[in-house]
Amino acid sequence: MELRAGVTKQDIREKIWDYMESQNLADFPRPVHHRIPNFKGASWAVEQPPHLREFKVARTIKVNPDAPQKNTRFCILDSHKTLLVPTPRLRTGLFNKIIPPPGATKDILRKCATSQGVRNYSVPVGLDSRVLVDLVVVGSVAVSEQGWRIGKGEGYADLEYAMMVSMGAVCEETPVVTVVHDGQVVDIPEALLEDHDLTVDYVLTPTRVIMTGCRRPKPKGITWCKISPEMLERIPVLRSLRHREQQAGKDVTLHGEQQHLWEAGSKHTAPPSAVQRPQDAPQPVEGSVPAACSSLHREGLPPNAAALPAATIHVSNLPAGARVSELKRALRERGATPLHLTWQGPRRPALLAFRDLAAAEQAITCLQGLRLGASTLQVELVRQLRDK
């Protein structure tokens, strides 16, 4: 699959999703957009792990809960190994240990490997469990033969790995495997990767086993400056890990917190009344998604900068299935990160506030014609809020 120069991670995701849909390469659930694709032939691909030396010697294996890895999870249980599965969106902990009933038949083991089985036959694994993971299996939207991996964009696989590093469950030598369709193996520019991105050592497809030989370092722990306050709020185990690392003297400053410190210390910050808002601008509601996500970190602001918005742009035609994380990621990848983002949810317009008119106009150029899911975003300048 050919990819044009200057692509972003989201461009690659969309290319893979569109390709798999157009070629009818996916099983339920569909459409595959915004998912780890459950590709046809996944059962053939997961016949490969038992032949890997790393699988044979592993005693405890962590596997993501996505549909393409259902047979991988069954294979682990059938081999009498310990299976760990992350809790959905990390709401109640990091991962659960699957414990099949005594004398479980293969049919029961297959049920244990499903999402329902994870709920019925598992116990939570706490931070103090001293568990050691010998092999990690993750899903991917796209992966390269060099081991560069792109997920669906929410960052949970990267975060799960970083959290396992922080609790001592994995180390740099712990092998990481991904299982994908052959069409998901593409060239990925290394320049797209960041320090928190997880790489893989093996790529398994229905037709081949790729040993990547990847030498790029894996995440060495949680990159707290990439963690937003709203993410910390909805993931209790992340709060526990942050407290531990804070007690150990580590820097646990969250995404956006440094900006707030600069703003609080600025002697030249204008009072809130000096900032006017368009009459039609939706206001964040306490406890809502936009209220939790209204402040985005802007890198490069000098400590004495007055971080008051000077111009606002209006982004509309957001698709029904859009998430605020997708919009934020698209903005970051195009260098269009605003000071503030106000959004009342899918199919409602978003308002992005910028320090100056030039930054707003640059953001309009970056975002015009951008596709989010099946929709092309419409972007326009609402008004200049104050003169510079």
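Trainee: Of the 388 residues of the protein chain, what percentage count as buried?

Mentor: The model considered here is predicted. A residue counts as buried when its relative accessible area is under 20%. Applied to the 388 residues of the protein chain, this cut-off gives a buried share of 51%.

Trainee: How many helices and how many strands does the protein chain have?

Mentor: The secondary structure of the protein chain includes both kinds of element. The count comes to 13 helices and 16 strands.

Trainee: Which strands stand at the edges of the open sheet of eight strands?

Mentor: The eight strands follow the order β4-β3-β2-β1-β5-β8-β9-β10, with mixed pairing. Each edge strand has a single partner, so one of its sides is left without a neighbour in the sheet. The strands at the edges are β4 (122-125) and β10 (209-211).

Trainee: Which residue of β10 is the bridge partner of Val 203?

Mentor: Strand β9 covers residues 202-204 and is joined to β10 by three bridges. The two strands run antiparallel. Within β10, the bridge partner of Val 203 is Ile 210.

Trainee: Which strands of the sheet does helix α4 touch?

Mentor: Helix α4, residues 70-78, packs on the sheet, and its direction makes about 150° with that of β2. Contact here requires heavy atoms within 4.5 Å. The strands that α4 touches are β1, β2, β3, β5 and β8.

Trainee: Which residues touch the most other members of the largest nonpolar core?

Mentor: This core has 42 residues. Several elements, including α1, β1, α4 and β2, each supply at least two of its residues. Those that touch the most other members are Ile 12, Ile 61 and Ile 188.

Trainee: How many residues of helix α7 are buried?

Mentor: Helix α7 spans residues 156-166 and is mostly covered. Among its buried residues are Tyr 156, Asp 158, Glu 160 and Met 163.

Trainee: Over which ring does the charged end of Arg 110 sit?

Mentor: A charge sits over a ring only if it is within 6 Å of the ring centre and within 35 degrees of the ring normal. The charged end of Arg 110 is 3.9 Å from the centre of the ring in question. That ring belongs to Phe 74.

Trainee: What is the distance from the charged end of Lys 81 to the centre of the ring of Phe 55?

Mentor: The charged end of Lys 81 sits over the ring of Phe 55. Its distance from the ring centre is 5.2 Å.

Definitions and conventions. Residues are numbered from 1 along each chain as its sequence is written. This is a predicted model: local features need pLDDT of at least 70, side-chain atom pairs count only at pLDDT 80 or more; totals for chains, interfaces and linings use all residues. Side-chain values use heavy atoms; hydrogens and water are left out. Two strands pair if DSSP finds at least two bridges between them. Helices (H or I, at least four residues) and strands (E, at least two) are DSSP runs, numbered from the N terminus. Axes are lines fitted to C-alpha atoms, for helices over the stretch in contact, and angles run from 0 to 180 degrees between N-to-C directions. A nonpolar core is a set of buried Ala, Val, Leu, Ile, Met, Phe, Trp, Tyr and Cys residues joined through side-chain atoms within 4.5 Å. Buried means under 20% relative accessible area, exposed over 50%, partly exposed in between (1.4 Å probe, protein chains only).
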